[in-house]
2 protein chains.
Amino acid sequence: MRIEVVNTGTELLLGKVVNTHAAYFGQELFKLGLRVQRQVTIPDGNDIRTVLEDAFPRCDAILITGGLGPTNDDITREVVAEMLGRDLHLDEEILETINEMFRSRGLLANRSNDRQAMVPEGAEVLPNPHGTAPGLYLPATNDGGKTTPHLFLVPGPPRELKPMFAEEVQPRLSALRDPDDRADIWHNFRIYGVGESSLASKLEPLLEPIEELELGYCARLGEVDLRLIGPSAAIDVASEIIRAEYEEEIIVESEDSIEQVIQILLSERGETVATAESCTGGNIASTITNASGSSAVFRQGYVTYANEAKIELLGVSEDTLEAHGAVSEPVVREMAEGCLRVSGADHAIAVSGIAGPTGGTEEKPVGTVYIAIASRDAETFAKRHFSPSDRVSFKMRVTRLALDLLRRRLRGFSLD
Amino acid sequence: MRIEVVNTGTELLLGKVVNTHAAYFGQELFKLGLRVQRQVTIPDGNDIRTVLEDAFPRCDAILITGGLGPTNDDITREVVAEMLGRDLHLDEEILETINEMFRSRGLLANRSNDRQAMVPEGAEVLPNPHGTAPGLYLPATNDGGKTTPHLFLVPGPPRELKPMFAEEVQPRLSALRDPDDRADIWHNFRIYGVGESSLASKLEPLLEPIEELELGYCARLGEVDLRLIGPSAAIDVASEIIRAEYEEEIIVESEDSIEQVIQILLSERGETVATAESCTGGNIASTITNASGSSAVFRQGYVTYANEAKIELLGVSEDTLEAHGAVSEPVVREMAEGCLRVSGADHAIAVSGIAGPTGGTEEKPVGTVYIAIASRDAETFAKRHFSPSDRVSFKMRVTRLALDLLRRRLRGFSLD
């Protein structure tokens, strides 16, 4: 089954936005046992026609992103309808949904939105709960020898596209797939604190004898996703080997986030965590609360950027701050223990570091951070870590490291 | 001058790697006054031939990434040579450079590297100091009416490609550019709180008479980037019109973030802001502290997820919580005013809402949020807002709205 992806969007070609659709579709289709054979990016406007004319004869299905919006250069819907010789009609239900969305946000619906409610004859409407323009599915046709592939028209913004893909496109593509094709499965290990290359050099000799096993790596902010693809028997054998090598480093065998894992671990124990953040500026608390239901395990957090805030809110001693500086192990210990005390939580995470680009010294360069974990029933652990990078990546890396230390404490593993 | 980009790499289509080349080329070419008109990703292997056959007649130049390596599916060099009817010869100098690179890393050079030293007749070699495969430049030809475009063959890995592009490709492309071509400039308006469609329907009739002006939109979490491209005289005229229509809604005329804008506004006044967050869970504080130098304007923040935290840390009254619930205007006002008092800051932002997916009621469905801005020298402002979406997007949207309300206060605009 030949599938191609067409992304429309001048901003993609101007480099204003990185095109993540291609990778997303590649991953998602692979899970269905399908592959993207080609991906094309074109500007908003007329190129869509020539690209589709070229692609129609060789494709079984085409996923088209973007060009469904309300402005003049959004013409995907109209071009496709014309190429297939289908009339467009105004779908009152869609129009009402769009108008209702505008009303609910206190905005006036605009006449230019009407275009988004136009539906080509024979198309299935794919609802878009996260935006205005619905998607469209036009099943393949075979009209006296002239065939057209299955066409999926989906919106460009990832927040709208991803849920629509999962809810609407994925089941339809699954149904189109040949059931006799070999059914590979996909198993993910999310691992923290082991580099991609050391994972590879340790595991590849061990996994090499397993036939039909494909390995993939994706590294991100200290985490590595190790992806196994193959028949389920091969995955089982490989998984046992990986578990034996990396028992403590495996965050989870899925694509669940570290914050979801922590929430489950805390919930199981009926415990809570509080945060005391300096250089991460609230990002640890925000990450913990990204997990739905986090209110059961997180009650409060402190962002103590200034020294006075560390003293007043967490009870860090002025002497310690003076003697060691805010970015130091003694201070981060006092922050964590103070946070535990004032919050009444069972665990506290504290961080203090130098995010940069300014503020570094020879002894404590930009990228230096101290992290502490205090718990009601265990000794406070603190460590120095060095992770120089741009400011936002630094905050994200430190957040992940801090959450992984808490995971290790909750799992009873060594924190060193 | 029509330029297209062809990226070869199965890993790009499998979604193992996000294709950042397209955005990189788009940005770099724009700086030269050039544009990428189309970008195609294909698997390693034979597709390169059909894609180039299709692209040759319409292009002035093609940038091809990948397929220059030592393995069997790296065939770009050979396919291009064959299409142009050029012989390949072994370049001893390149071979020696590759062998030397292997020796310097303590590795044995492999015979499969010889392929990387093959050069088509008439090609210029583009040195690759960061890897083994050099790039190749094949100037355009016009052979008895049969023309071929300028071809740049460059390696796929970004750390090899980017230096080669800067050192070797960019100067050659610059020289090809017609000096009489209009030098467009690019001007960005970042606008908050106006939908893409209402922007378009208001502005397009006003800007339509301006010749050679191109408009682009990119919407994200309540912000819209309105991009003007054209000669500077056209941009000047259009900018005046946009400023007159959206004086209060323009966050900034650049791509600076809202947090950078706020930091500048606060710094100019020598003022500070503190945060009291419930549903955003620290994301407002974290966003403020993403701006470098934010420690001058942000000292502390409170993440008060639980009611007890609102009472203990911010002094919200139990009676108010009981009478109105945590997600209510009276509570968010008390949070903001309490935050102002306990932090000693000049401004305080407070939010309380229902991020979902659970916790909604008929009166206060998921997506309901109250936001308050308290300031030392102005009345507290509070508003209800409704923005249903997934949990993480909700937090990001509410963060942007709250920061925009602070921007309005600092600029002296109405908050309603």
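**Notes on the predicted two-chain model**

1. Let's start where the chains meet. In this predicted model, 64 residues of chain B are in contact with 66 residues of chain A. On the chain B side of that contact, the residues divide into 28 nonpolar, 27 polar and nine charged. If you want another way to express an interface, its size is often given as the accessible area lost when the parts come together.

2. Strands take part in the meeting of the chains too. Strand 16 of chain A (residues 298-304) runs antiparallel to strand 16 of chain B (residues 298-304), and five bridges join the two. To find the spot on screen, look for A:Val303, which stands opposite B:Gly301.

3. Strand 10 of chain A deserves a look of its own. With strand 7 of chain A (residues 135-138), strand 10 (residues 150-154) pairs in the antiparallel sense over three bridges, and A:Leu138 stands opposite A:Leu151 there. With strand 3 of chain A, strand 10 pairs in the parallel sense over five bridges; A:Ala61 has A:His150 as its bridge partner. Strand 10 is largely enclosed by the rest of the structure, because four of its five residues are buried. As a reminder when you inspect any such strand, side chains in a regular strand alternate between the two faces of the sheet.

4. Over in chain B, there is a hairpin to check. Strand 12 (residues 214-220) and strand 13 (residues 223-230) of chain B pair in the antiparallel sense over seven bridges. B:Arg220 in this pairing stands opposite B:Glu223. Two residues lie between the strands, and B:Leu221 takes a positive phi near 55° in this hairpin.

5. Now chain A as a whole. Chain A has 14 helices and 19 strands, and its C-alpha atoms fill a box of roughly 85 × 60 × 45 Å along the principal axes. Of the 416 residues in chain A, 45% are buried. Among contacts in chain A with a separation of 6 or more, 65% come from residues 24 or more positions apart.

6. For finding your way along chain A, the domain assignment gives domain 1 (3-176), domain 2 (185-252) and domain 3 (258-411). The C-alpha centres of domain 1 and domain 2 of chain A lie 35 Å apart.

7. Finally, the confidence values. Chain A has a mean pLDDT of 91, and 98% of its residues reach 70 or more. The model as a whole scores ipTM 0.77 and pTM 0.77.

Key:
Residues are numbered from 1 along each chain as its sequence is written. Chains are lettered from A and ligands numbered from 1 in the order in which they are written. This is a predicted model: local features need pLDDT of at least 70, side-chain atom pairs count only at pLDDT 80 or more; totals for chains, interfaces and linings use all residues. Two residues are in contact if their C-beta atoms, placed from the backbone, lie within 7 Å. Ala, Val, Leu, Ile, Met, Phe, Trp, Tyr, Cys and Pro count as nonpolar, Asp, Glu, Lys and Arg as charged, and the others, Gly among them, as polar. Two strands pair if DSSP finds at least two bridges between them. A residue is buried if 20 or more other C-beta atoms lie within 10 Å of its own, exposed if 12 or fewer, and partly exposed in between; C-beta atoms are placed from the backbone. Domain bounds come from an automatic or database domain assignment. pLDDT is the predictor's confidence in each residue, from 0 to 100.
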